[in-house]
Amino acid sequence: MPQTAEEFLKAFHDNNPGLQSVGVAASPTAKGRTSYEEFADRVGTPERVLDLGCADGALLEVFAGRGATTLAGIDLSGAELALARQRPALVKADVRVGRAQELPFEDSAFDAVVSHMALMLMTDVEQVVAEAARVLVPGGVLAVALGGGAVDGEGMELFLKLARPYFEAARAAERVMPRLGNRAIRTREGLDEVLTPAGFAPVSWDSIVLDQGGTPEKVWETNMSVFYDVTVLDEDQLAELRREFLDAARSLVLDGRLACGMRINFATTHRESSA
Ligand SMILES: C[S@@+](CC[C@H](N)C(=O)[O-])C[C@H]1O[C@@H](n2cnc3c(N)ncnc32)[C@H](O)[C@@H]1O
């Protein structure tokens with residue numbers, strides 16, 4: 001039986017817990033702020049927060065630091081949640097293994113529902129959004145951080161250009177990973193199309209750029225941790241792609257540094273009172 005998207009994500013995160021939050025911490029904006037901090041700024045200071053796809057609790061910890069008193073999270077991966085439970089700020093947090101499509105929380109239990117780089121990976125996103133609306137108080141905030149792609153002419157774009165033929169060769173050899181999530185919600189219009197019928201107002205939308213630059217070797221490692229697709233490549237393919245990448249990167253390096261930026265889009269909205 002082929003693996004489903006959720007089986008793939010659970011296995012990946014059970015095998016690599018903490019990978020995402022370490023990567024985010026190592027890639028602040030030009031102003032030195034993490035994507036979690038920037039995202040939380042757009043949400044404000046809610047008392048009761050639920051994080052969909054909370055992984056190791058890095059974002060919940062930011063909300064704890066901003067005075068949230070009820071912190072909850074859900075994730076497919078028990079290994080990620082085990083790390084979340086080790087954070088002193090989250091000892092009282094209610095983090096559960098489960099699916100965001102079936103939230104084990106009461107109606108109107110939260111002032112904010114947030115999701116950082118996770119909603120875009122979820123299957124049946126309409127059901128997730130309906131559940132978010134159900135557990136939010138009327139007027140409550142829904143905030144979503146979505147991958148916005150590579151900055152042109154830099155290390156991530158180069159990596160993707162070189163990796164594409166490898167991904168295609170793997171597909172031709174039937175080494176495939178399941179399709180993750182719904183790409184349509186990565187645009188403002190596509191997201192509104194899913195949110196509006198569930199009773200949310202049109203989103204506010206803005207973007208930041210995370211700085212993932214460094215030595216070409218560091219940029220290679222970053223790209224390895226950002227793209228789930230690299231799991232379909234075998235050792236030889238990875239070694240060959242790495243050689244190609246480091247060779248091609250030479251012409252872009254300035255003072256030993258390869259620029260590499262990744263955009264994150266933030267969308268915030270609220271549950272309309274009549275929903
Ligand atoms: C790219 S990681 C982001 C983790 C975290 N939000 C962060 O930014 O540090 C995506 C997370 O979403 C979780 N996830 C994906 N689909 C899910 C679903 N349907 N229900 C709950 N969690 C899910 C994965 O297990 C994974 O931990």
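A pocket, on a 1 Å grid over the protein atoms alone, is an open set of points with protein on both sides within 12 Å along at least five of seven lines, whereas a cavity is a set of points where a 1.4 Å probe fits but cannot get out; lining residues have an atom within 4 Å of a point. Grid points are joined across faces, edges and corners, and a volume is the space filled by probe spheres set on the points.

The structure is a predicted model, in which local features need pLDDT of at least 70 and side-chain atom pairs count only at pLDDT 80 or more, while totals for chains, interfaces and linings use all residues. Residues are numbered from 1 along each chain as its sequence is written, and side-chain values use heavy atoms, with hydrogens and water left out.

The whole structure contains 1 cavity of 30 Å³ or more, and the largest cavity holds about 40 Å³ of space. Its lining consists of Leu52, Ser115, Leu119, Val128, Val129, Ala132, Leu142 and Val144.

**Ligand site**

Around the ligand there are 19 residues, among which Tyr36, Gly53, Asp75, Ala100 and His116 come nearest; a residue counts as near if one of its heavy atoms lies within 4 Å. Helix α1 (residues 5-15) contributes the largest share of this shell, 3 residues.

| Residue | Protein atom | Ligand atom | Distance |
|---|---|---|---|
| Tyr36 | side-chain N or O | oxygen | 2.6 Å |
| Gly53 | polar backbone atom | nitrogen | 2.7 Å |
| Gln101 | polar side-chain atom | nitrogen | 3.0 Å |

Taken alone, the ligand exposes 590 Å², and the protein buries 98% of that; these areas come from the Shrake-Rupley method with a 1.4 Å probe.

**Residue classes**

Ala, Val, Leu, Ile, Met, Phe, Trp, Tyr, Cys and Pro count as nonpolar, Asp, Glu, Lys and Arg as charged, and the others, Gly among them, as polar. The shell around the ligand has 10 nonpolar, 6 polar and 3 charged residues. The lining of the second largest pocket has 9 nonpolar, 2 polar and 2 charged residues. In the lining of the largest cavity, 7 residues are nonpolar, 1 is polar and none is charged.

How values were computed. A polar contact is a pair of N or O atoms within 3.5 Å; within protein, one must be able to donate a hydrogen and the other to accept it, and residues adjacent in sequence count only if both atoms are side-chain atoms. Helices (H or I, at least four residues) and strands (E, at least two) are DSSP runs, numbered from the N terminus.
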